[in-house]
Amino acid sequence: MRQITAKEVEALLNDGNKLNIIDVREVDEVRTGIIPGAINMPLGLVEFRMHELDKSKEYIMVCRSGARSGRASQFLESYGFKAINMVDGMLAWEGKVE
């Protein structure tokens, strides 16, 4: 499984890169803030919503600490998607939030 840190994601966004970020936290967790442009897709719904994703794109998976996003990354990879786990999660995020 490929991995990236919150600092690396923030740097990519600050450099103007267009990233496909999926936040797998629950809806009530996302109310505390989400990375701008991220899509909320709770972990329990990834299996049912993966038809919304494009296998030609790369997705950065995010959760609170990196555990659920790791599971989501492995799951999507098993179906042929390109997924990268943000290993330290929103606990380490120091960038902007919506």
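1. Helices (H or I, at least four residues) and strands (E, at least two) are DSSP runs, numbered from the N terminus. Read in that way, the chain has four helices and five strands, arranged along the sequence as β-α-β-α-β-α-β-α-β. The radius of gyration of the chain is 12 Å, close to the 13 Å from the globule rule for 98 residues, so the chain is as compact as a globular protein of that length. That radius is taken over C-alpha atoms, and the globule rule is 2.2 Å times the number of residues to the power 0.38.

2. On provenance: this is a predicted model, in which local features need pLDDT of at least 70 and side-chain atom pairs count only at pLDDT 80 or more, while totals for chains, interfaces and linings use all residues. Residues are numbered from 1 along each chain as its sequence is written, and side-chain values use heavy atoms, with hydrogens and water left out.

3. Overall dimensions and surface. The C-alpha trace spans about 30 × 30 × 20 Å along its principal axes. The accessible surface comes to about 5,400 Å², and 51% of it belongs to carbon and sulfur atoms (Shrake-Rupley method, 1.4 Å probe; for residues, only the protein chains shown count as cover). Of the 98 residues, 42% count as buried; buried means under 20% relative accessible area, exposed over 50%, and partly exposed in between (1.4 Å probe, protein chains only).

4. Contacts in the chain. A contact means heavy atoms within 4.5 Å. Among contacts with a separation of 6 or more, 63% are between residues 24 or more positions apart.

5. Nonpolar cores. A nonpolar core is a set of buried Ala, Val, Leu, Ile, Met, Phe, Trp, Tyr and Cys residues joined through side-chain atoms within 4.5 Å. The largest one has 15 residues, of which Val-9, Ile-21, Ile-35, Ile-60, Val-62, Met-86 and Trp-93 touch the most other members. Two or more residues of this core come from each of α1 (6-14), β4 (58-62) and β5 (82-86). A second, separate core of 13 residues includes Leu-53, Tyr-59, Leu-76 and Phe-81.

6. Asp-23 lies in strand β2 (residues 20-23) and is buried, with a relative accessible area of 1%. Not counting residues up to four places away in sequence, Asp-23 touches Val-30, Ile-34, Ile-39, Asn-40, Met-41, Pro-42, Val-62, Cys-63 and Met-90.

7. Ser-73, in helix α4 (residues 67-78), is buried at 0% relative accessibility. Beyond its neighbours within four places in sequence, Ser-73 is in contact with Met-1, Met-61, Ala-83, Ile-84 and Asn-85. The C-alpha atoms of Ser-73 and Asn-85 are separated by 6.0 Å, and the two residues are twelve apart along the chain.

8. Thr-5 sits in the loop between β1 (2-4) and α1 and is partly exposed, with a relative accessible area of 28%. Thr-5 and Val-87 are 82 residues apart along the chain, yet their C-alpha atoms are separated by 5.7 Å.

9. Lys-96 lies in the segment after β5 and counts as exposed at 71% relative accessibility. Leaving aside neighbours within four places in sequence, Lys-96 is in contact with Ile-34, Ile-35 and Pro-36. Lys-96 and Pro-36 are 60 residues apart in sequence and 6.9 Å apart in space, C-alpha to C-alpha.
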